[in-house]
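Here is my note on the model, as numbered points. Please read it with the structure open.

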Amino acid sequence: MASLTFTVLGPVRAWRGETEIDLGPPKQRALLALFLLDPGHPLSPDEIVAVLWGDEPPDSALNQVQRHVSVLRRLFESDLKARGASRFLVRGSGGYRLDVAPEAVDLGRFRALRRQATAESLLEALDLWRGPVAAGIPDEIRSHPAFVAVDGEYLSAVKSAADLAVEAGPEAADRVLPVVREAAARHPLDEALQARLMLVLAATGKQAEALEIFQATRQLLADDLGLDPGAELQAAHQRVLKAGTGKQPAASQTPAQLPADLAAFAGRRQELDQFPAIAGSPTAATVVTISGMAGVGKTTLAVHWAHRIAGHFPDGQLYLDLHGFHPGRAITSPADALHGVLESLGVPAAAVPASLPAQAALFRSLLARRRMLVVLDNARDTAQVRPLLPGAPGCLTVVTSRNQLYDLVAEHGATAITLERLPYADATELLSRRLGADRVALEPAASAEIVELTGRLPLTLAMVSARAAMNPRFSLASIAGELQRSHGSLDAFVGESPHSDVRSVFDWSYQVLTPSAARLFRLLALHPGPDCSVGAAASLAGETPAEVRQSFGELQRANLVAETEPGRFALHDLLRAYARELVRGDDVEPPRERLRDYFLHSAAAASRLLFPGREEAPMDPPAAGSVPASFRYAADAAAWFEAERPGLVAAIKMRKPCTWRLSTLLEMYLDRIGAWLIQVEVQTAALEAADTPFAVASTERALGFAEGRLGRWAAADRHLGRALEIFTEIGDGNGQARTHRLMAFLLNRRLRHDEALSHYAEAARLYQETGFETGLAYLRNEIGWTHILTGEHARALTECRRAIEGHRALGDRNGQAAAWDSMGYAQHHLGAYDEALDSYGEAMRLYRSVYDRSLEAETLVHIGDTHHAAGRPDQAALAWRQALGILDELGHPDAGQVLDRMRLVEAR
């Protein structure tokens, strides 16, 4: 068989011998690109999903990954004989891997040449690039750290080639100049790259052009970012000038109190773009606040930006650490701060006024005719800062604080910047700057894991980077392993001093909270989901929603929680670990019991509204202080399920004895939206926690049906059979009947219609014995649907009409809708298209009234099918398009079937 070769340094392409392979849609090419970044390295399905879909993958993501893998296998191996047997794209070691030699991929050849580290090998390596890595795949995927890091390898290679060429002399510089010039043109704001272009130009005798590059870059930085050139570009400028004149520039005579800029500063481009375009405007005093949680890099950003704009302030820079959050020393009072500032401005100690208002007035007077930059670091609140603000136009004050300084924004028109944790690309860049791009590029998976396990906080990234830098023989995988073993605690982030100890740094913010806010902060660690609603928090705390909103407001101002969407709040992972350490023994069980009852009774109310008529297991009243949600409309109930789903699923996976009840309440919702893989996880966990025969039978039944939805017939039969045995043993007729119905549904899927009808007959007998009319009404519709499948459409219509009458008598609109849909389907197959559309219209009206989006989409598909059969392709496409929009919104796996219908019509 012909060998395979690949390119990823530019467009993603593949060849079998001399024949290029059509790699299919962008997502499929993105998956191949991911494999090509590190051939031979296994990628778990979860890792693939995280790269291809980010933090919010659809429920069908794993199915899509499997489909793309299968297609790629067929593309790579035209003589593939056994399904799933592949010599190149194989499954093993917990994931998929692409088994090709590194030299079969242009990236592998690039890395091998780069390791030789000669000017010749670097030029040969750079010649392999045909554009950005994986060009042509979706931008949101290309922005993942795994791809960003490879783009960084290109720039690192260009810079290394430039450095070697400058040292080697004019001939080498001439050869490398075109590559450096092209890279610099693509990255005009990369100061390090522009600096190297200047030096390469100077080495070839083009000093004038080098100085033009400096002037053009300086202008671009000023126009786009409002910044002056940084230290590296300035140094290159001085080197070019010195080479041309032999003179050194005169030293600055203005005082500068700024701490040293961080050499490894990385990222924060989005935040830097938010700063005023012209620092220190000559017409107005300016204030900028930088707030965020502890460890997020407020001081680092403030100092970095201050250094870059210092040239706008010829009268100097003042820096004060106000110690607003430091348990080991007193907060710096405005009077003490002003006393020191006035002395630094040349006022003798004896001449400093005694009163704070007089000190502030003198400070403002001294700055009245100056352009000065003032950095007030680590402020507690606006009251501490207000006396330290210059009044002079043209001065700029930068204030950092863990608190959101609303009053500075309201009273002084401050520009407010709130720092979140670093984006993946910025965090990876920071790791590369501290450890070297080569070391990070050699272990991209471990680097990505370190970025994630440090919570993407600059403080924790710096601590882990320091450990890796001090132990160069340690692999990044081993360091990631250490972090993984301590995940969920702060043990991996213990520093040498309180300033670098994450636990101590968090403690400084926690200690200044009011008791009620501090208690809510601790209790949030008990919530199992990624974020917490006001209602759930009220139950945790045993307080009213109004009381917890007040505490949330305090926690938000202190940047200890983030409001992910209106009314929902989240803790950063490391803050959650810190809060968990603070939870006291008497804080744990009553709040957990209240939260459990909030979930149970809210889910019961939502399920009752969305899926009326289902059997419902009795529950005890909610615990005192629990505040379950109530719903007036089905849409509100569905929205509650969707918002709380991560917390509900996480609570079930904790495998507490009561979680089987929660799993049964979640069962119908998960089935409707097509979240069948999640359903299997949920019901498996619930089964392990089930503590009564009824609980075991209920979860076995739900698990079996979910397995059947996924086409896993053996597992489905096993679990449903076990459920039927237990329901029979305990004499639960309704439980048996529903199990028979689910068995029949899956038998219809397997075209075993006679067996399905036998199970429906047994279910009917059981319902007649128990007198459960709702079950009988649903059963009639299901029998009618089976007759449709066997071609007995007249019998189907009879059963569907009986089902409609039964549901109408019970007031069950959902059941009526399902029966109308089945009737329309039978009429369609009898050729009565207009009658079918009338029936579907009634089903649509009812589904919308109960907000059953999934079955609304199913009816829209049937409407499209009927229009298509009647020779109305435009109306068919419109209905299918509406259905596809709903299914895509739900992340439902049936979306692919609808898309296939549309493509088939378009192809004709």
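Which residues in α30 meet which residues in α31?

1. The model is a predicted one. On the α30 side, the contact is made by Thr659, Trp660, Ser663, Glu667, Leu670 and Asp671. Their partners in α31 are Trp676, Ile678, Gln679, Val682, Gln683, Ala686 and Ala689. By class, the residues of this contact divide into seven nonpolar, four polar and two charged.

2. On the geometry of this pair: helix α30 covers residues 659-672 and helix α31 covers residues 676-689. Their axes come within 9 Å and cross at roughly 165 degrees. Angles over 145 degrees count as roughly antiparallel, and α30 and α31 are therefore roughly antiparallel to each other. The crossing of α30 and α31 is left-handed.

3. On cysteines: a disulfide is a covalent bond between the sulfur atoms of two cysteines. The structure holds zero disulfides. Cys395 has a relative accessibility of 1% and so counts as buried. Cys800, at 0% relative accessibility, counts as buried. The cut-off applied to these residues is under 20% relative accessible area.

4. On His304: is this residue buried or exposed? His304 has a relative accessible area of 9%, and is therefore buried. His304 lies in helix α13, which runs over residues 298-309. When neighbours within four places in sequence are left aside, His304 is in contact with Asp261 and Phe265.

Key: Residues are numbered from 1 along each chain as its sequence is written. This is a predicted model: local features need pLDDT of at least 70, side-chain atom pairs count only at pLDDT 80 or more; totals for chains, interfaces and linings use all residues. Side-chain values use heavy atoms; hydrogens and water are left out. Axes are lines fitted to C-alpha atoms, for helices over the stretch in contact, and angles run from 0 to 180 degrees between N-to-C directions. Helices (H or I, at least four residues) and strands (E, at least two) are DSSP runs, numbered from the N terminus. Angles under 35 degrees count as roughly parallel, over 145 as roughly antiparallel, 65 to 115 as roughly perpendicular and the rest as oblique. A crossing is left-handed if the near helix is turned anticlockwise from the far one by less than a right angle, and right-handed if clockwise. Contact means heavy atoms within 4.5 Å. Ala, Val, Leu, Ile, Met, Phe, Trp, Tyr, Cys and Pro count as nonpolar, Asp, Glu, Lys and Arg as charged, and the others, Gly among them, as polar. A disulfide is a pair of cysteine sulfur atoms within 2.5 Å. Buried means under 20% relative accessible area, exposed over 50%, partly exposed in between (1.4 Å probe, protein chains only).
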